[in-house]
Amino acid sequence: MAAARRGRAADPRAMFMREAVEPGPAVPQGLIRAARKSGQLNLSGRNLSEVPQHVWRINLDTPEEAHQNLSFGAADRWWEQTDLTKLILASNKLQCLSEDVKLLPALTVLDVHDNQLTSLPSALGQLENLQKLDVSHNKLKSIPEELLQLSHLKSLLLHHNELSVLPDGFGQLVSLEELDVSNNHLTDIPTSFALLINLVRLNLACNKLQSLPADLSAMKSLRQLDCTKNYLETVPSKLATMASLEQLYLRKNKLRSLPEFPSCELLKELHAGENQIEILNAENLKHLISLSVLELGDNKIKSVPDEIALLQKLERLDLSNNDISRLPYTLGNLPQLKFLALEGNPLRTIRRDLLQKGTQELLKYLRSKIQDDVTNSNEEPPVTAMTLPSESRINMHAITTLKLLEYSEKQAAVIPDEMFNAIRSNPVTMVNFSKNQLSEVPPRIVELKDSVCDVSLAFNKIASISPELCMLHKLTHLDIRNNFLTSLPEAMESLTRLQIINLSFNRLKVFPSVLYRIPALETILLANNQVGAIDPLQLQKMDKLGTLDLQNNDLLQVPPELGNCETLRTLLLEGNPFRTPRAAILAKGTAAVLEYLRSRIPT
């Protein structure tokens, strides 16, 4: 018997087989054994720098237990093992995949996301049964042509890599139903995409696309198209003929207009915020009979057509931060509308206190005005209708009835004295001096300190906050975005009632420390500055702070202690150079981000 054992040990074939299947410490033998039975192997998060050879050969080599067990129960019949169909290698430290991947021809799912891959093996093209391939969150610069041979591939996830070009023959992947190439460096899309007629979801977000090929309209199965955060200036009119499209994301581009949508009768969501759209036409809307979400915030829209009342299924409408001065009262007749965002518009006919009462109260007000819509519009005197030459630019109706002092979009370097003189004894609560050429805060604004609570100085050339502004002790809303501010004065600490401050698109390099000392602040908008750091301990003391927007700044790290800011309901951090939290965490929303940050606090 001992001789037999010695003879077996000396057998070179047995030695080879033992070496081939001997698992390394990172891959327990029990996992391999279970994978032979189930056909699935999950090796994610094991710090693997390479895939052990016995993983690739799992269906070829004789298992170790075959040399040890002389009798087998029904559960141990290794020769009846199942071919590996699912292999998960995510969240490791892999820099390359072996060509030996071809030794697993039965694979239907291969997941290697969140590694350090710089290339893919051409042998992937031999996995003819592969249906899902996830190589996202790597460092891929190109895709091998052989990948295009995967005729059964249904899901291909390439997002968060370094791809600048896709192979021309991409259209060969005719079975594809899901394709995600977001967060790469793509400047154009192969025209062969038009051949992907089974594609249901296409994500092109966060690339460098300046245009879309009109042939995309041939994708007759496409239901979701995401083109967020590119450089698109137009959308091909053909694209608007895609009859199956249900969700279209066009946010953060350079669109000046929307296409007409003659065939998109199934479109449920249209997201086109943060563009440069100036005109919203009836033709853009009237065919969208299934639309439930319309998001057009942060554009330059001046008016809303009455035809918006045709969108009878609309549930969410975001028109915030536009140039809308008047709403069609027929909005009040939309039966499904549950959310209406109008903040940041120079609305002349709707008081701010009404806006703050919520969507249902606002809709109720609009419905009540439908009957006398024509009367009201005739009675409201035009801005230039005053008889006194010195007051020809003054809207006295706005001052006396709406308590609004407005002098916006005049390209004026100073606010004329007659504007302030016209107030007389009328207590003005709102001031709108936006979209001028002001280089300083008008000194006479201090005359309004006992009444004004809402001031907009947005879109000017103001480089500093004056002492006069700091004396407006009833101020609750301050909009001073799109100016030249580099700092805020300590005197702003006296604005104890300030609830909302919009400092987006300025030149702030540090988080203004004075904001930490304004306890009433509920919303701080600091997007598109150059802020490099925040103090989480100071933010924790701001017990009313619910919204903090720090998008597109220079934050190199997010302090974990920020997770302890329990009052935060909206935390926006996209567009900063920090590595963690990853984009996948950010995409899950504020609660997930805060939970992640808390988990990183050193104990």
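Author: A salt bridge here is a side-chain nitrogen of Lys or Arg within 4 Å of a carboxyl oxygen of Asp or Glu. The structure is a predicted model.

Reader: What is the N to O value for the salt bridge of Asp450 and Lys449?

Author: The cut-off is within 4 Å. The side chains of Asp450 and Lys449 meet in a salt bridge, and the value from N to O is 3.7 Å.

Reader: Is Lys449 buried, partly exposed or exposed?

Author: Buried means under 20% relative accessible area, and exposed means over 50%. Lys449 has a relative accessible area of 29%, so Lys449 is partly exposed.

Reader: How many salt bridges are there by this rule?

Author: Side chains of opposite charge can pair when their charged atoms come close. By the rule above, the count of salt bridges comes to twelve.

Reader: How many residues apart in sequence are the parts that Asp114 and Arg582 tie together?

Author: Asp114 forms a salt bridge with Arg582, with 3.0 Å between the closest N and O atoms. Asp114 lies in the loop between strand E3 (109-111) and strand E4 (132-134), while Arg582 lies in the loop between strand E21 (570-572) and helix H12 (583-586), so the parts they tie together are apart in sequence by 468 residues.

Reader: Which counts as buried, Asp114 or Arg582?

Author: The limit for buried is under 20% relative accessible area. Arg582, at 37% relative accessibility, counts as partly exposed. At 19% relative accessibility, the residue that counts as buried is Asp114.

Reader: In which helix does Asp417, the partner of Arg444, lie?

Author: Arg444 and Asp417 meet through their side chains in a salt bridge of 3.3 Å, N to O. Arg444 lies in the loop between strand E15 (430-432) and strand E16 (454-456), and Asp417 lies in helix H10 (residues 417-421).

Reader: What is the relative accessibility of Asp417?

Author: Arg444 is partly exposed, with a relative accessible area of 23%. Asp417 also counts as partly exposed, and its relative accessibility is 46%.

Reader: What arc do the buried residues of helix H7 cover around the axis?

Author: The buried residues of H7 (residues 359-369) are Thr359, Leu362, Leu363, Leu366 and Lys369. They lie on the same side of H7, because around the axis they cover an arc of only 120°.

Key
Residues numbered from 1 in each chain as written. Predicted model: local features only at pLDDT ≥ 70, side-chain atom pairs only at ≥ 80, totals over all residues. Heavy atoms only, no water. Buried < 20%, exposed > 50% of the residue type's maximum accessible area, 1.4 Å probe, protein only. Helix = DSSP H or I, 4+ residues; strand = E, 2+ residues; numbered from the N terminus. Arc of directions from axis to C-beta.
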